[in-house]
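Please look through the model below before reading the numbered points.

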Amino acid sequence: MVYLITSMFSWRLALRVLVLTPVVIVMSFLVQSCSGSNSKEKATLSRISVEDGVIKDEAGRSILLNGICHINKDPAAYYLHQEDSLLFIKFKALGFNCVRFGIFWDALEPRPGFYNEVYLKEIDKRVRWAEDNGIYLILDMHQDLYARRFSDGAPEWATLDEDMPHVTGAIWSDSYLLSPAVQKSFDNFWANKPAKDGKGVQDRYVNVLKVLAERYRSNSSVAGIDVMNEPFPGSVAKQILPLLLTKYAEIVYEDSGQKLNEDELAALWGNASGRNEALEVLNRNQNFQKLISVIQTISDNFEQGSLSAFYQKVRDSIREVNEDILLGFNHNYFCNMGVESTFKIPYDENGVRDSLVLYTPHAYDLVVDTDDVEKVNDKRLSYILSVIDSSAKKRGVPVVLDEWGAFPLSSDVSYVRPCNVHINLIERYKMGQTYWTYQKGISKQSYFSDCLVRSYPVAVTGTLLSYRNEIDGSFSCSWKPNLSISKPTLIYVSDVSEFKAMELRTNVAPEHIELIEIPNSHSAFLAINSDGKSKVIKFGWTVK
């Protein structure tokens, strides 16, 4: 996870009407007709793939991945949560059909060429628990600041910092821009510099991914591998801070005629009121877009060069042992705030693009990881998500928003509003998503129960057109049915008791709808079959 702008000016850059007249169904009749059903829809996982830029299961249904990041960064705990067997049961009841599960190079390959079977067998357990609960896993090769030496990720032997000094800031992520050691380690990774054993560190990393892909090639619950968390370009990033500072000063001058020198820029960001004043400047008149546009060329050069070459190498290696696994490609660190991602989709030996690719971006507003995190700016966040959507469409790949939100645990502040801002946008763009991140105590947070645990179309027999959750518990969804697919559309219902108190509004007759309650939970699935007539299925419920 990255918190990009937290203190830019103190030399720490860290920058959400039915057309047809609906059939109104009395909810009690629906429940009576479906209770005690012996539906054939089980948690058994179908292998998923990508077709025409849409994630689909083996039956041809469109699949929406919806879940949470589950990552333990503590090496003392072996990067594992010991309660995972129970947590995966809980995740299923909460409607999470996808978990982005963090794994770490440091634990996988503690010595060059030695793959830690003890750690791999622990991952095996999580794979079984996920499969038992109908949950897809995206194995996230996680790093922060490149290595365990600085935070987490690479093992000691693969950290080639050339004895450069490591510099920290007020926020952990400041080191991306401040630390010569972190930057040099990334430089040497992209250059594939040999470690002491004589083999390039990037080649070693690629082979670890190959080991994982081969190990889980027959397991449908391991849907994909997230190749690298937030790849960072290295020392070229030193060019970015002066560009941003200069551009911000230009924006202030255009807005107010005020000229800011370097000391004034630093002082502006040195306290809460000054920071809020700076953010206000970036909240209006397209100023935010103007600011981040200065990064685009540097971002393009990295993504279309070193990053694309790396992704091609990863693709070639993995496809030697696994032709079915999805490859999740994250954009670079700076794209988290709305810089357009332009890495190239890798191709096969015949020059045909690999079709099993996910774009797995992250999206964070400027206030993330600050005391003002509840003050997410709607327009700024909307811009970030629109750029991600546009970038995905240009490349014809589906989006699974790997990280977003990062709201802290709090008994004093409600994060329901900013959480709903995110969810509304995720639903508008029909993105898959995994919220950052699961923490002990998160289920007691109002934003978790009121926003993250939500109804959504799990599997759609046809083309999903739209869906949306409202604050009052209302829900709407529409899709174009594909009559050649025999399996029903599945909609997850987050709260059955609330659902039963609603008025169902749909153009589907009751006999085509089945409520399948999930044991030991408050939730259920709705299985909806097409009537074979409607060109568009409209389904939802509203407050009576």
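Which residue takes a positive phi just after α6?

1. Just after α6, the residue with a positive phi, of about 55 degrees, is N192. The model is a predicted one, in which local features need pLDDT of at least 70 and side-chain atom pairs count only at pLDDT 80 or more, while totals for chains, interfaces and linings use all residues. Residues are numbered from 1 along each chain as its sequence is written, and side-chain values use heavy atoms, with hydrogens and water left out.

2. Helix α6 itself spans residues 180-190 and is mostly covered, with eight of its eleven residues buried (buried means under 20% relative accessible area, exposed over 50%, and partly exposed in between, with a 1.4 Å probe and protein chains only). Those buried residues are A181, V182, Q183, S185, F186, N188, F189 and W190. Their cover includes α3 (105-108), α5 (175-178), α7 (201-215) and α12 (296-319). Helices (H or I, at least four residues) and strands (E, at least two) are DSSP runs, numbered from the N terminus.

3. The largest nonpolar core holds 173 residues, of which W105, F310, L526 and W541 touch the most other members; such a core is a set of buried Ala, Val, Leu, Ile, Met, Phe, Trp, Tyr and Cys residues joined through side-chain atoms within 4.5 Å. Leaving aside residues up to four places away in sequence, W105 touches, among others, M141, Y146, W157, F189 and Y205, where contact means heavy atoms within 4.5 Å.

4. W105 also belongs to the lining of the largest cavity, together with M141, H142, Q143, Y146, G153, A154, Y205 and M228. About 60 Å³ of space lies in this cavity, and its lining has six nonpolar, three polar and no charged residues. A cavity is a set of points on a 1 Å grid over the protein atoms alone where a 1.4 Å probe fits but cannot get out, and lining residues have an atom within 4 Å of a point. Grid points are joined across faces, edges and corners, and the volume is the space filled by probe spheres set on the points. Ala, Val, Leu, Ile, Met, Phe, Trp, Tyr, Cys and Pro count as nonpolar, Asp, Glu, Lys and Arg as charged, and the others, Gly among them, as polar.

5. The second largest cavity also has about 60 Å³ of space, and its lining residues divide into seven nonpolar, two polar and one charged. Among them are Y364, D365, F407 and H422.

6. Eight strands form an open sheet with parallel pairing, in the order β10-β9-β8-β7-β6-β5-β14-β12. The edge strands, β10 (357-359) and β12, each pair on one side only, and two strands pair if DSSP finds at least two bridges between them. In β14 (residues 432-435), G432 and T434 point one way and Q433 and Y435 the other way, and all are buried. Strand β5 (residues 66-70) pairs with β14 over three bridges, with I68 opposite Y435, whereas two bridges join β12 (residues 400-401) to β14, with V400 opposite G432.

7. E280 lies in helix α10 (residues 272-281) and counts as partly exposed because its relative accessibility is 45%.

Definitions and conventions: On a 1 Å grid over the protein atoms alone, a cavity is a set of points where a 1.4 Å probe fits but cannot get out, and a pocket is an open set with protein on both sides within 12 Å along at least five of seven lines; lining residues have an atom within 4 Å of a point.
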